Amino acid sequence: MHRAEHPDRRALLSAGLVVTTAALAGCSPTSAAPSATSASPEGRPTSPAAAFARLMEGNKRWVSGDLQHPDRDPNRRQFVAEGQEPFGAILSCIDSRVPPELLFDTGLGDLYVMRTGGEAVGPVVTGSVEYGPMTSGTPLIVVLGHQRCGAVEAAYKSLRDGKPLPGNLEAIVKALRPAYEQAVREGGADPVDSMARAQVTLTSADLRSNQDLAPLVRKDALAVVGAYYSLDTGKVEVLAGAPS
């Protein structure tokens, strides 16, 4: 048989429970308003060098597995719901194994991302890449190719064999022809990989000299970086244009 608790003890426990419940209610995520900490803890990088460093630090975490998963909570969602100021714009391939937000360990509101087969470009894609730097001061563009790119391989074989691809896939082949021609000139043991890298360097150079982006590059307000992602290691290799 349990001994009855002293009345004063029951009163103290009851009062403590009320205080604890109230404190917990005040800390509930559903009742908390977004705060400045909903932005990235380090703040938005405003220079090309700082933005590039932030991306590469994230990629190091991706390679090592020591991920932070920043900017991926309900408070961050609320914080960016009414506006955004991404610090980087990434033009990458559609490949399911190359998601920029993951391999750079970023979150909501951090990056503009454009994805096309083999980083093929045209007026709409170029306009999409221009959007961040020209409207919200995004200081960094990265053109990101990758290892074993299926779109590049298909375009290479089509151009090599003179066999057009079906439907609108032929538009990708046409866009990748300059990279194919450069890879053929350069030769090498792996012409598809050479073509993938050529596509990155050619596209980043074109964007860097773009009539609308070039003035920003000259003012050091924007950097256009060409990079290459290894499916095997998860590491991003810089090919051209890294800001100092």
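I looked up aspartate 232 and found that it forms a salt bridge with arginine 148, with 2.9 Å between the closest N and O atoms; the model is a predicted one. Aspartate 232 sits in the loop between S4 and strand S5 (236-240), while arginine 148 sits in the loop between S3 and helix H6 (150-161), so this pair ties together parts that are 84 residues apart in sequence. I then checked accessibility: aspartate 232 counts as exposed at 51%, because the cut-off for exposed is over 50%, whereas arginine 148, at 49%, is partly exposed.

Next I went to helix H6, where lysine 157 and glutamate 153 are four residues apart and therefore separated by about one helical turn. Their side chains meet in a salt bridge of 3.1 Å, N to O. I noted lysine 157 as partly exposed at 38%, and glutamate 153 as partly exposed at 33%. I also recorded a network in which salt bridges with shared partners join Arg61, Arg72 and Asp105.

A further entry concerns aspartate 71 and arginine 76, whose side chains meet in a salt bridge at 3.7 Å, N to O; both aspartate 71 and arginine 76 are buried. My count of salt bridges comes to 11.

Last, I turned to the nonpolar cores. The largest has 18 residues, and Leu55, Leu140, Val142, Leu144 and Val236 have the most contacts inside it. Helix H2 (48-64), strand S3 (140-146) and strand S4 (223-229) each supply at least two residues of this core. Apart from it I found another core, of 15 residues, including Cys149, Ala155, Val192 and Ala198.

Conventions. Residues are numbered from 1 along each chain as its sequence is written. This is a predicted model: local features need pLDDT of at least 70, side-chain atom pairs count only at pLDDT 80 or more; totals for chains, interfaces and linings use all residues. Side-chain values use heavy atoms; hydrogens and water are left out. A nonpolar core is a set of buried Ala, Val, Leu, Ile, Met, Phe, Trp, Tyr and Cys residues joined through side-chain atoms within 4.5 Å. Buried means under 20% relative accessible area, exposed over 50%, partly exposed in between (1.4 Å probe, protein chains only). A salt bridge is a side-chain nitrogen of Lys or Arg within 4 Å of a carboxyl oxygen of Asp or Glu.
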